[in-house]
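This report describes how two chains of a predicted model meet. Please look over the sequence and the structure before reading on.

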Amino acid sequence: MITISQLHKSYDLLNVLKGIDLKIPEGKITYIVGPNGSGKTTLIKILLGLVKNYSGRIYVNGNEIDGESSYRSQIGYMPQHASFPENLTVKHVFELVKELRNRYEDLDEELIAKFYLSKEMNKRVKTLSGGTLQKVSAALAFLFKPSILILDEPTAGLDPVSSSILKDKIKTENNAGKTILFTSHIVSELEDLAENIIFLLDGNIYFNGSLDNLIVHTGEHNLERSIASVMLRRL
Amino acid sequence: MNWWIMLNRSGIKFIFLICLYFTFSFVYAGELKVGKGEHFATIKSALESSSPFDTIFISPGIYKERNIVIDKPLTLTGINYPIIDGEDKHEIFTVVSDSVVIQKIKFINSGVSFIDDNAAVKLDEVNNCIISDNIFEKNFFAVYLAKSSDCKVLNNKITSEKKSEASSGNGIHLWYCKNIEIVGNYISGHRDGIYFEFVESSSINNNISEHNLRYGLHFMFSDNCSYSQNEFSYNGAGVAVMFTKNVEMTDNTFKHNWGGASYGILLKDITDSKIYKNSFYKNSSGIYIEGSNRVEIKHNSFLENGWAIRLMANSMDNVFEKNNFIGNSFDVATNSTRNYNKFKNNYWSEYSGYDLDKNGIGDVPYRPVKLYSLIVEKNRPTLVLLRSLFVGILDSAEKIFPVLTPETLIDNFPSMKKL
Amino acid sequence: MIRDIAKIIKYQMHDNLRSKWIIGLFLFYSAASYWLISFSGDSSKVLLSLLNITIILNPLICIVFGTVYFYNNKNYIIFMLTQPVNRSVLFSGLYFGLIIPLTLSFLIGIGLPVIINLNLFLDTLHILSALLYTGVIQIFIFTGFSFFIAAINEDKLKGLGISIFIWLFFGILYDGLILFLLQILQDYPIEKIALGLILANPVDLGRILVIIEFDISALMGYTGAVFEDFFGKSLGTFISFLSLTIWFFIPFALSLVKFSKKDL
């Protein structure tokens, strides 16, 4: 459960988030969508503690984010473009994150197995393809069984097979009660997974509700068209 | 003298008697002993009873005697260094006879005086004396030679406590002397280690003079003298050689003489002299040359001095040849843009030229005077910028377009290798 | 916290020690040191050349390398911060994880040829150690500067520009300004000013620490009480040593504060 109240963020004169109040319900898949510059990246960064200078309050699983880093042990994050020290091997990267989280047991290694990452383990990061890096990144996000998963364009750069493996994984974890948040500025192939949708526009929440409600709301017959119509009407 | 006249007058009988006397004296009367339980309790009493050419042996002990005048040709020998104490008030030995030998005695506390030059041993207008293997401690002056000639000062250890320049005398002091040899002495803690004024044809060899208040060697108006293989270090002002012709300075070591007015050698008004094969190490200034002409400075090594050479403009026709200049903060400093001295075939560690024809001589001349050294001459606090890149750039620029540094102060044939 | 920093340092070092740049730097230092020793064969000449490498080239390398390093690792840094890791912990880990390999390549690179020819340096070991200490602190300081630049500025090219300017400033321009100032004020008692200004520049401080050993005879050739006290006794060495060590914390602390508050 993530609760956000009166979140304001501006870069110099540019107001990026203009007072957002939001509840991201527990155990559901929420899809954050919005055009470029709508503020969704900033929102994610604030959730992850990367952006610090904002006003407002944010609670993750009941505790306020206040500069402490420990709350992030409940979050698994998969960035759009993963990057690791290039002279480390894949194995080292896994070990590094394990050491940082101080957790060596009770791990979810399903994705490592399904992506066949074991054969990549001794390769150095600089020799890996972009797709493999994404797989490593995805495997790391799920490894520690976090209660919240934040996935940024997770399937971008993955081949269709891997993409569907990841999709299945998301479904399984959701069924197991995990809160999952993913973002995209385009309508992605994951849309059918989403139960809730948060539509950000110009730093405000334009829509927050179930997928079906949006479609009803816009009078279109699928999500893509609904979103398009929202954007067009507003622009 | 009367003795000889008597001899001439009295003929053969007397000659016989004299011979007898000599034989007698060699066998018996030649040796007098001073000390506790010996025949003589004091040195003075022994002196009174002695005859010329006797030897007085002084047993170990402390002798608080002063103003002892030696007026016969005698040999005074200490046994295990008896101590003669001047009690900070008086002169100890005053030698007024020729052919006196003083050896193996420890002299302490000759008195400080602002009127008299109280010495532990003073030779006053005498010839053929030898002062050797003695120890001198805490004396005002230690060995003092005035108007004497053909004497030797050998292997003495002369130390004192540094006080102020006014209340310290010199270690070995020579005034109006001739043909003196000063060899193998160690001197420290005096005002000047060795002092020469109006001395002729004398030599100073193998001495060590260090930690003196003012000069290790103070040398004035002393023509035709030489000093070699000495070591002068940690002296307040180094060594000064002034107002003299024909001095030879060879194989000496000058090191660690630090201070604004401290020099390996200070040359003032010196002409026709030679400075060969000396080593100058870590002095504030290696050689300071003022008003000196025709001095040959060859085969010396200048290692890590502040200024290897400070050459004042009133010096001419001096020759600097085949010297090593290594790691000095400044190689040569001068106070003028003119130069009438020669630099040739020296090795300069700062030299960065090349030798295409492989003859051992650099093909590009070396200019030992840096622009920065001119700046420092006028504005000393800029020393804090020593060896900074900015100063390096400044010097390089001046090297390419010399404007402020003397154009003729140049080594056209710098050696590529250490000599 | 220290344990967490140590963990990051471990992996950063693991990464950096395999970096071709660090290896290249090591090769460069050892080649330079070896070449200087075998070419001149004279310890004072070698030490003076090493001094220039230590206080001029070394800072340039560190500040440029550090800046590029920080920018190139930005995505990784962001990834690390999405883990339960404090910013100050990560920053310290990154910093020490970089300066330790840099220091090792400097010390071993310069030191190895020296150790092989140790008998050449027996009389100058104190100068050599002052030199190496200076070099290490320069690495700390200028890597700190580079992180600071990267922390306050997002644009890589601009950051590189600022890096080079900072190097130019401390390495050359600052001394030019001092000389200018001392020349203007030369009729006044300026020893204290001169020394004060030197203490404010880490490159100058490093230089002083070396020349205090090397050029003491020249420095003592100036009869000014302030200079005599500073250079003549161990006071100067002590103060320079201390200031240089304080300097090490300045860019590091500044960049740590900046980085901790920054929006990434």
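## The contact and its area

Chain C gives 37 residues to the contact and chain B gives 34 residues, where contact means heavy atoms within 4.5 Å. Between them, chain C and chain B bury about 2900 Å², with 67% of it on carbon and sulfur atoms; buried area is the accessible area (1.4 Å probe) that two parts lose on being put together, summed over both. Of the area that chain C buries against chain B, C:Leu179, C:Ser217 and C:Ala218 supply 18%, more than any other three residues.

One salt bridge is counted between chain C and chain B, a salt bridge being a side-chain nitrogen of Lys or Arg within 4 Å of a carboxyl oxygen of Asp or Glu. The side chains of C:Asp215 and B:Arg387 meet in a salt bridge at 2.7 Å, N to O.

On the side of chain C that touches chain B, the largest share, eight residues, comes from helix 7 of chain C, with helices taken as DSSP runs (H or I, at least four residues) numbered from the N terminus.

## Confidence and conventions

Chain C averages a pLDDT of 88, and 99% of the residues score at least 70, pLDDT being the predictor's confidence in each residue, from 0 to 100. Within chain C, confidence is highest in helix 7, at a mean of 94, and lowest in helix 11, at 76.

Residues are numbered from 1 along each chain as its sequence is written, while chains are lettered from A and ligands numbered from 1 in the order in which they are written. In this predicted model, local features need pLDDT of at least 70, side-chain atom pairs count only at pLDDT 80 or more, and totals for chains, interfaces and linings use all residues, while side-chain values use heavy atoms, with hydrogens and water left out.

Conventions:
Helices (H or I, at least four residues) and strands (E, at least two) are DSSP runs, numbered from the N terminus.
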